[in-house]
Amino acid sequence: MSRSLSPAQTMALILGMPLVLAVIYYSYLAVNVSRSPYSWREMDWNGDGRTTLGEFFATTDVIRRPVTEGGRACDELVSARTGRRYRMECPDSAR
């Protein structure tokens, strides 16, 4: 004998599943970011002096690309998806 769901249970299931999937997805991203080589302070991609939750999650998309700037070997931190440059780091310059 099968038991059918009440309308309230059906709505809870329909609305709850996306929430559960979102929690799993953001947990996965958080674990990946926590393994990244960047400290919380370095994740300030827009340079406003503070790291937001959005910048934290954007770190999953940041790659380091070697470039030559003014005859110096530097690293460019860019978005892997869009190619937007977040920051240029040169070994002899202060951050």
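Residues are numbered from 1 along each chain as its sequence is written, and side-chain values use heavy atoms, with hydrogens and water left out. Because the model is predicted, local features need pLDDT of at least 70 and side-chain atom pairs count only at pLDDT 80 or more, whereas totals for chains, interfaces and linings use all residues.

Strand β1 (residues 62-69) runs antiparallel to strand β2 (residues 72-79), and eight bridges join them; two strands are taken to pair if DSSP finds at least two bridges between them. Valine 67, in turn, faces cysteine 74 in β2. In a regular strand the side chains alternate between the two faces of the sheet. Two residues lie between β1 and β2 in this hairpin, where glycine 70 adopts a positive phi near 60°. On the other pairing of β2, the partner is strand β3 (residues 85-89), again in the antiparallel sense, over four bridges. Here glutamate 76 is set opposite methionine 88 in β3. The hairpin of β2 and β3 has five residues between its strands, and glycine 83 has a positive phi near 80°.

Stepping back to the whole chain, the protein has two helices and three strands, arranged α-α-β-β-β from the N terminus on. Helices (H or I, at least four residues) and strands (E, at least two) are DSSP runs, numbered from the N terminus.

The overall dimensions are worth a look. The radius of gyration, taken over C-alpha atoms, is 21 Å, while a compact globule of 95 residues would have one near 12 Å; the globule rule is 2.2 Å times the number of residues to the power 0.38. Along the principal axes, the C-alpha atoms fill a box of roughly 75 × 25 × 20 Å. Of the 95 residues, 24% are buried, where buried means under 20% relative accessible area, exposed over 50% and partly exposed in between, with a 1.4 Å probe and protein chains only. Among contacts (heavy atoms within 4.5 Å) between residues at least 6 apart in sequence, 23% join residues at least 24 apart.

Serine 36 counts as buried because its relative accessibility is 18%. Apart from neighbours within four places in sequence, serine 36 contacts Met43 and Thr59. Threonine 10 lies 26 residues from serine 36 in sequence and 40 Å away in space, C-alpha to C-alpha.
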